[in-house]
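I opened my notebook to record what I looked up in one chain.

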Amino acid sequence: SSNLDTEELCEYFSQHLGEYENVLSVLEDLNVTILKAMDKTKKDYQEASNLEQFVTRFLLKETLNQLQSLQSSLECAMETTEEQTRQERQNPTKPEVLSIQWPGKLSSRRLQRNNSLSPNSPRFSTVMLCKSSLFMFSKGWMEENSQWMTQINRLQNLIDRLEKKDLKLEPFEEEVLEENARSHIMIVQRQMSVIEEEIEEFRLALKQYVESASTQGGCLHVSIQKLPSDSRFIVYEFWENSNAWNRHLQMNYSKTFQRSNVDFLETPELVTTMLVPGKY
């Protein structure tokens, strides 16, 4: 009928599986096992302790490393067999002995495809890691969360563009600051996990703190975010420079807010600071 349906295809390959019958069976079991582990991780991770979260991240990373190592071996074997077939079709009178290259060596096909990438370059490592991550991510989560498919496709397109285009870096320019010019702006991020029973009191204290800080000289902006999943608040403060920030910490309203947090917070607040150029 000039058509080949799925049953005919499966029936044919089922007679020629050989060693790959066990391989495909194990892969099917592995896929189900990983999906179950990912589903449990998604449900339990947020409520786990810091130690349990660390162990989970370690096991996820180790599992990914093992799968990536296995995938690299399969890719090398597949590319080598394809290269062998291509050479035999071009030179049918001179067949070559199949020599599989294991991880650590690149086949000529991969080198030709990525002629602008060196195996030792950061771009090469980034591209290969992203493609490997895409493969594992799409095999598991995509089956249950199809809404991510669009984002995966967009990321794949970006990776392909990165492979094909040369990296262009802007020339280095050294900035010379004028006298009395603002050199750097201080950005402060404060993360505070509040006790459930103290949220309303904390809101009042935080409101008074923000109103007082906003009127201070050197304060550029204050922004507050409340995470919907828990009772964590994130405060972003922008100050003209580090001196303005240090003066702010010595003010009475700032010290009062810090003392009240001893009763309001479950854990000590996490403060992160960053200096960015004040002149662009």
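**Entry 1: ground rules.** I am working with a predicted model, in which local features need pLDDT of at least 70 and side-chain atom pairs count only at pLDDT 80 or more, while totals for chains, interfaces and linings use all residues. Residues are numbered from 1 along each chain as its sequence is written, and side-chain values use heavy atoms, with hydrogens and water left out.

**Entry 2: the whole chain.** I looked up the elements and found 9 helices and 4 strands. Helices here are DSSP runs of H or I with at least four residues, strands are runs of E with at least two, and both are numbered from the N terminus. From the N terminus on, I wrote down the order α-α-α-α-α-α-β-α-β-β-α-α-β.

I then checked burial: of the 280 residues, 25% count as buried. Buried means under 20% relative accessible area, exposed means over 50%, and partly exposed is in between, with a 1.4 Å probe and protein chains only. The chain exposes about 20900 Å², and carbon and sulfur atoms supply 54% of that area. Accessible areas come from the Shrake-Rupley method with a 1.4 Å probe, and for residues only the protein chains shown count as cover.

For contacts (heavy atoms within 4.5 Å), I took those between residues at least 6 apart in sequence. Of these, 67% join residues at least 24 apart.

**Entry 3: helix 2 and helix 3.** Two packed helices are described by the angle between their axes and the distance between the axes. Axes are lines fitted to C-alpha atoms, for helices over the stretch in contact, and angles run from 0 to 180 degrees between N-to-C directions. Helix 2 covers residues 20–44 and helix 3 covers residues 50–90; their axes are 12 Å apart, at an angle of about 155 degrees. That makes the two helices roughly antiparallel, a term for angles over 145 degrees.

I noted the crossing of helix 2 and helix 3 as left-handed, meaning that the near helix is turned anticlockwise from the far one by less than a right angle. On the helix 2 side I listed Leu-30, Ile-34, Met-38 and Thr-41, which meet Thr-56, Leu-60 and Leu-67 of helix 3. By class, this contact has 5 nonpolar, 2 polar and no charged residues. Ala, Val, Leu, Ile, Met, Phe, Trp, Tyr, Cys and Pro count as nonpolar, Asp, Glu, Lys and Arg as charged, and the others, Gly among them, as polar.

**Entry 4: helix 7 and helix 9.** The axes of helix 7 and helix 9 (residues 252–264) come within 10 Å and cross at roughly 165 degrees. These helices are therefore also roughly antiparallel to each other, and their crossing is left-handed. From helix 7 the contact includes Phe-202, Leu-206 and Ala-213, and from helix 9 it includes Tyr-253, Phe-257 and Ser-260. The residues of this contact divide into 8 nonpolar, 4 polar and 1 charged.

**Entry 5: Leu-206.** Leu-206 lies in helix 7 (residues 199–214). Is Leu-206 buried or exposed? It is buried, with a relative accessible area of 4%. Leaving aside neighbours within four places in sequence, Leu-206 is in contact with Ile-224, Phe-233, Val-235 and Phe-257. Leu-206 and Ser-260 are 54 residues apart in sequence and 9.8 Å apart in space, C-alpha to C-alpha.

**Entry 6: Ala-213 and His-248.** Ala-213 lies in helix 7 and counts as buried at 0% relative accessibility. His-248 is in helix 8 (residues 242–249) and counts as buried at 2%. Not counting residues up to four places away in sequence, His-248 touches Arg-190, Tyr-209 and Glu-237, among others.

Conventions: Parallel < 35°, antiparallel > 145°, perpendicular 65-115°, else oblique.
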